[in-house]
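Hi everyone, thanks for making time today.

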Amino acid sequence: MRPSTSTAQRAAIVLLTALAPASWGTTYVVTTRLLPPGHPLFAGLMRALPAGLLALAITRVLPRGEWWWKTAVLGVLNIGAMPLLFVAAERLPGGVAATLGAAQPLLVAGLGLAVLHDRPTAWRLGWGLLGVLGVGLVVLGPGARLDAVGVLAGLGHTATMAGGVVLTKRWGRPAGVGPLALAGWQLTVGGLLLLPLTLAVEGVPARIDAGAAGGYLWLGSMGGLIAYTLWFRGIGSLPVAASAPLVLLSPLVATLIGLAQGESLSLPQTLGFALALTALVAAQLAPRARKKNGTKEESFDAYRIDEPGFAGQDHDDRRAGGHRDGRWPGGRRGERARTPGAGAVPEAGE
């Protein structure tokens with residue numbers, strides 16, 4: 001039946017999308033164990049530019065028309081603002097920086113309301129707050145110090161990523177362009193933005209051994225090209241309120257890596273880990289709304305699998321009919337929308 005099929009397909013999309021923030025959770029251990037110290041900008045450059053150029057070589061697709069400036073905006077938000085994260089990491093304990101990043105679902109909820117007219121439910125707002133609390137219990141220690149510049153930088157990076165998520169959902173992808181090409185465009189833009197900054201501030205490390213080469217390869221492949229391709233594909237298919245909480249996986253995966261290296265968790269940290277994991281899962285299981293007459297109504301999250309061939313695409317196209325630019329976002333049955341899900345306005349009661 002359609003509901004069960006859609007549920008299985010959405011679960012697969014969620015799991016694949018979750019691989020992106022899970023891989024980003026390995027960045028800290030790769031950076032500290034394998035990469036030359038004192039070169040965070042170079043690490044960001046190696047994560048973005050080679051992966052972006054490889055994607056361009058594979059897809060051989062370039063932006064057209066308005067997508068040149070849209071790609072520039074998304075590339076700056078999703079990739080190019082990475083130096084803010086490095087500033088926060090240098091001026092704040094890792095736990096404080098991770099907690100600031102965990103606030104992204106709350107920022108996405110606010111931006112989603114303003115840009116997508118996607119009203120956040122009390123269910124997701126509540127679990128979003130609990131997710132931040134859970135991550136804070138895991139990673140914040142009693143000696144955590146706060147630095148004003150570091151906090152502003154951390155919040156700035158979190159805000160740019162949240163804006164990237166919402167605009168990626170708002171604009172979707174051009175017809176005939178896959179998530180690999182979209183990731184390649186943005187990684188290239190972000191890498192080109194970081195290139196002069198890296199050369200001016202840090203330069204190239206004096207020595208790159210085999211371990212560092214492997215670290216850069218991991219950051220550029222799984223942490224870069226593969227992760228962002230899956231991430232953009234997931235954003236285009238899932239409601240922003242469901243995809244944004246997946247970023248909680250980053251600090252949780254980093255915690256698991258620490259446990260594997262012999263670290264231990266206190267009771268509050270264990271409770272915080274369980275709370276954050278519960279919040280992440282609960283955000284994917286938002287209850288359906290009901291009509292006033294008591295009959296079931298499809299939730300705004302139902303059947304929003306926008307990939308071609310997925311059940312519910314026609315449903316999503318119907319709901320996206322009220323696009324702000326006045327154009328119907330999809331054509332014949334089975335034809336991909338130009339901007340899937342963009343501008344869809346939740347119906348009353350959702």
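Let's begin with H10 and H11, which are oblique to each other, because angles under 35 degrees count as roughly parallel, over 145 as roughly antiparallel, 65 to 115 as roughly perpendicular and the rest as oblique. Before going on, a word on the source: this is a predicted model, where local features need pLDDT of at least 70 and side-chain atom pairs count only at pLDDT 80 or more, while totals for chains, interfaces and linings use all residues. Residues are numbered from 1 along each chain as its sequence is written, and side-chain values use heavy atoms, with hydrogens and water left out.

Helices here are DSSP runs of H or I, at least four residues, numbered from the N terminus. H10 covers residues 179-201 and H11 covers residues 210-237; their axes come within 8 Å and cross at roughly 120°. Axes are lines fitted to C-alpha atoms over the stretch in contact, with angles from 0 to 180 degrees between N-to-C directions. Which residues make the contact (heavy atoms within 4.5 Å)? On the H10 side they are Pro 179, Leu 180, Leu 182, Ala 183, Gln 186 and Leu 187, and on the H11 side Gly 224, Leu 225, Tyr 228, Thr 229, Phe 232 and Arg 233.

Leaving aside neighbours within four places in sequence, Thr 71 touches Pro 63, Trp 185, Gln 186 and Val 189. Is Thr 71 buried or exposed? Its relative accessibility is 3%, so Thr 71 counts as buried; the cut-offs are under 20% relative accessible area for buried, over 50% for exposed and partly exposed in between, using a 1.4 Å probe and protein chains only. Thr 71 and Thr 188 are 117 residues apart along the chain, and their C-alpha atoms are separated by 9.7 Å.

Now for another pair. Helix H13 (residues 249-260) packs with H14 at an angle of about 140°, the axes being 10 Å apart, so this pair is oblique too. Leu 249, Leu 252, Thr 255 and Leu 256 of H13 meet Phe 273, Ala 276, Leu 277 and Leu 280 of H14. In H14, the buried residues include Phe 273, Ala 276 and Leu 280.

Last, helix H3 (residues 40-59): its 20 residues reach 29 Å from first C-alpha to last, close to the 28 Å expected at 1.5 Å a residue. The expected span is 1.5 Å times one less than the number of residues. Just after H3, Arg 60 takes a positive phi of about 55°.

Conventions: Helix = DSSP H or I, 4+ residues; strand = E, 2+ residues; numbered from the N terminus. Contact = heavy atoms within 4.5 Å.
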